2 protein chains.
Amino acid sequence: MDTISFARGIPSPECLPVAELADCAKSALERDGEVALSYGSTLGYGPLREWLAERHSVEPSRVLVTNGSLQAFHFVLDSFGEGRVLVERPTYDRPRKILAASGVELGEIAVDEDGLDVDELERELDGSPAAFLYTIPTFQNPTGSTLSGERRRRLAELVRDRGLPTLEDDPYGLVRFEGEPLPSVFELEGGERVMYSSSFSKTIAPGLRVGYAILPAALSAKLEELVASTYITPALLAQATVYEFLRRGLFESNLERVCGLLRARRDAMLEALERELSGRARWNRPEGGYFLWLDLPDEIDASELLTRASDAGVTFVPGADFGGPPSSARLAFSFVSPEEIDEGVRRLAALVAPAAAPV
Amino acid sequence: MDTISFARGIPSPECLPVAELADCAKSALERDGEVALSYGSTLGYGPLREWLAERHSVEPSRVLVTNGSLQAFHFVLDSFGEGRVLVERPTYDRPRKILAASGVELGEIAVDEDGLDVDELERELDGSPAAFLYTIPTFQNPTGSTLSGERRRRLAELVRDRGLPTLEDDPYGLVRFEGEPLPSVFELEGGERVMYSSSFSKTIAPGLRVGYAILPAALSAKLEELVASTYITPALLAQATVYEFLRRGLFESNLERVCGLLRARRDAMLEALERELSGRARWNRPEGGYFLWLDLPDEIDASELLTRASDAGVTFVPGADFGGPPSSARLAFSFVSPEEIDEGVRRLAALVAPAAAPV
């Protein structure tokens, strides 16, 4: 019995446009190999920076293209000195670990079904100032929650009023299956206090490692030396390949295809949860992204459940790994097929209330 | 009048095997796209790690493939805690800047025509212990010097006796135009205290950003978490492309071609120096690499000379930027053509002793 993974927050192999990228990589080098194969483009491949600048209505000088957006997170973080950093509770485990390891003082602001609790953020800032806020407003990792339109406007105002440097991390924003897209906090605030990061990991392919950040112009200029001292020049072949993919107009159609594949997976998970766990657990219904969030009865410890689940052939990540409650879990629907999702939820549900199951 | 750059330590565009890499990138994705386009290979693309392991006669678990070898330098450095770091004087400016910015205590050991002065290293270690040694024994950046066979053996013994963790950085070792290759310090020592780093920047193309390090197995396992927290997975498309290039047997023939191009450039520089500056300056005759080292008369300040040289259409990097004497300069022969080299040396020589030149 193969293990069914609701743990891996990565795209299913069929999401990857392998043949198109193979062709784009070849064309990219044939067209601009001397640039893409040499040193020099410290802040990223020029044509891609220009494309991103146009998409986000900023000057190309404000665009930093990195080896994945986590690297951009490091650069932005390193550019701020001392001071308390605020993150969401729960939040993406990598930044959480990085911040914990760096020894900075960490504050946490709750996330609910409408995203970051902006009232709590305001009270927190009243109590003690902060140097930096890290937030994932759309289809958040790990909860799948999305910050509501109303809260987005309030958050934009609050960070402007308080002068709070904020990084809006938005890798999932374009992976929307339904509902109306919401404006980014970056757009609402005007891009002065709010920096924006995203990547092509969820819209094209993660192994390309092409992420980016939109920064104040002064900051991207200041970061040039740090970037050069970190890796001299980012991996340009992948950036030139992404640019070729965009240039050929393949981005929108691929995104539509990926959203269709992911939507079928989310639907399969929602249907199976409804069938197997209705009344015994709660979960949300994200309109996009990779994840949904499962709230189990308080008496269930998700870490203990994971041990039994692994034996039964299904895995997930306990919510506590992201700073969530012990009885919560992150279920990724991105990696496995709808059929596997159906079977995986069946296996998981059989463990949630075994007393109620027929012997 | 175009400026002739002896400053840029990068390959001439004609060194880059653009068409072959374009084809390899396509094949690499067609053959193994699902792996190369996804997350997972934290320590590098598996087949490339295996190829490197075989080349260096180590287990694949000891091979870390990174986004350029400077990134490997960071990882190795981060894995050592407190303590004094020893570097060569002069040495590659990036590590020098990184170490200075990190605030570690720095010690410097002189490099002469036969490379690192091992006697001085021994006296230095007698005086005060060190946590780490960084050395570039072959065709060193910036001097072009190569550690002699005798000194290599003594260095290997010394670091073994003293238990001194050492990083042998060897990006230029294979770019040898003449003379017999020398064993690496890594090989002589047995790879216990000595770690080895290199890259495909000088043998294939720098923009690929494919570097690597051979580490003790315990260290590479320990670094996995740090690597994942830095960029999750390195840029795999470039690594898979390099592997395809190797797999097709293109590496040796390309290296031979590149060495031929570089040799012609070195020869052009040596001939022009002999013709223009004989008796007025001293320089070495490296058997490979990108650079040679110019010792100007003591009364000449190379930084001041650079200002005048830039006006006259030729640039270089003052030796002081690498920790060398004020009257020294690094001349890179890698980037410009033999004809430009000839003209560039002519321009430079006209400034070195203008009093002696006809008015």
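Asp23(A) counts as partly exposed, because its relative accessibility is 32%. In this predicted model, the side chain of Asp23(A) meets that of Arg248(A) in a salt bridge, with 3.0 Å from N to O. Arg248(A) is likewise partly exposed, with a relative accessible area of 33%.

**Salt bridges within a chain**

- Over all chains, a search of the whole structure finds 62 salt bridges.
- The bridge between Arg248(A) and Asp23(A) links distant parts of the chain, 225 residues apart. Asp23(A) belongs to helix α1 (residues 18-36) of chain A, while Arg248(A) sits in the loop between α9 and α10 (251-277) of that chain.
- In chain B, Arg84(B) forms a salt bridge with Glu124(B), and the closest N and O atoms are 2.7 Å apart. This pair also joins distant parts of the chain, 40 residues apart. Arg84(B) is in the loop between α3 (69-79) and β3 (85-89), and Glu124(B) is in helix α5 (residues 118-127).
- Arg84(B) is buried, at 7% relative accessibility, whereas Glu124(B) is partly exposed, at 24%.
- Glu343(A) and Arg347(A) are joined by a salt bridge of 3.0 Å, N to O. Both residues are in helix α12 (residues 338-352) of chain A, and they are separated by about one helical turn because they are 4 residues apart.
- Glu343(A) is partly exposed, with a relative accessible area of 29%; Arg347(A) is buried, at 14%.

**Contact between chains A and B**

- In the contact between the chains, 47 residues of chain B touch 47 residues of chain A.
- The area buried between the two chains is about 3,800 Å², and carbon and sulfur atoms give 63% of it. On the chain B side, Leu37(B), Tyr39(B) and Arg209(B) lose the most area to chain A, together 18% of what that side buries.
- There are 6 salt bridges between chain B and chain A. Arg94(A) and Glu225(B) meet through their side chains in a salt bridge of 3.2 Å, N to O.
- A network of salt bridges links Asp23(A), Arg31(A), Glu244(A), Arg247(A) and Arg248(A) with Lys26(B) and Glu30(B).

**Helix α4(A) against helix α8(B)**

- Helix α4 (residues 93-102) of chain A packs on helix α8 (residues 217-231) of chain B at an angle of about 115 degrees, and the axes are 9 Å apart. The crossing of α4(A) past α8(B) is left-handed.
- From α4(A), the residues Arg94(A), Lys97(A) and Ile98(A) meet Glu225(B), Ala228(B) and Ser229(B) of α8(B). The residues of this contact divide into 2 nonpolar, 1 polar and 3 charged.

**Two buried loop residues**

- Thr233(A) lies in the loop between α8 (217-231) and α9 (236-247) of chain A. Thr233(A) is buried because its relative accessibility is 1%, under the 20% cut-off.
- Apart from its neighbours within four places in sequence, Thr233(A) is in contact with Ser38(A), Tyr39(A), Gly40(A), Ser41(A) and, from the other chain, Arg209(B).
- Gly9(B) is in the loop between β1 (4-5) and α1 (18-36) of chain B, and counts as buried at 17% relative accessibility.
- Leaving aside neighbours within four places in sequence, the contacts of Gly9(B) are Tyr39(A), Tyr290(B), Phe291(B), Arg330(B), Ala332(B) and Ser334(B).
- Between Gly9(B) and Phe316(B), which are 307 residues apart along the chain, the C-alpha atoms are separated by 9.7 Å.

Terms used: Residues numbered from 1 in each chain as written. Chains lettered and ligands numbered in written order. Predicted model: local features only at pLDDT ≥ 70, side-chain atom pairs only at ≥ 80, totals over all residues. Heavy atoms only, no water. Axes fitted to C-alpha atoms, helices over the stretch in contact; angles between N-to-C directions. Left-handed = near helix turned anticlockwise from the far one by under 90°. Contact = heavy atoms within 4.5 Å. Nonpolar A, V, L, I, M, F, W, Y, C, P; charged D, E, K, R; others polar. Buried < 20%, exposed > 50% of the residue type's maximum accessible area, 1.4 Å probe, protein only. Buried area = accessible area lost by both parts, 1.4 Å probe. Salt bridge = Lys/Arg side-chain N within 4 Å of Asp/Glu carboxyl O.
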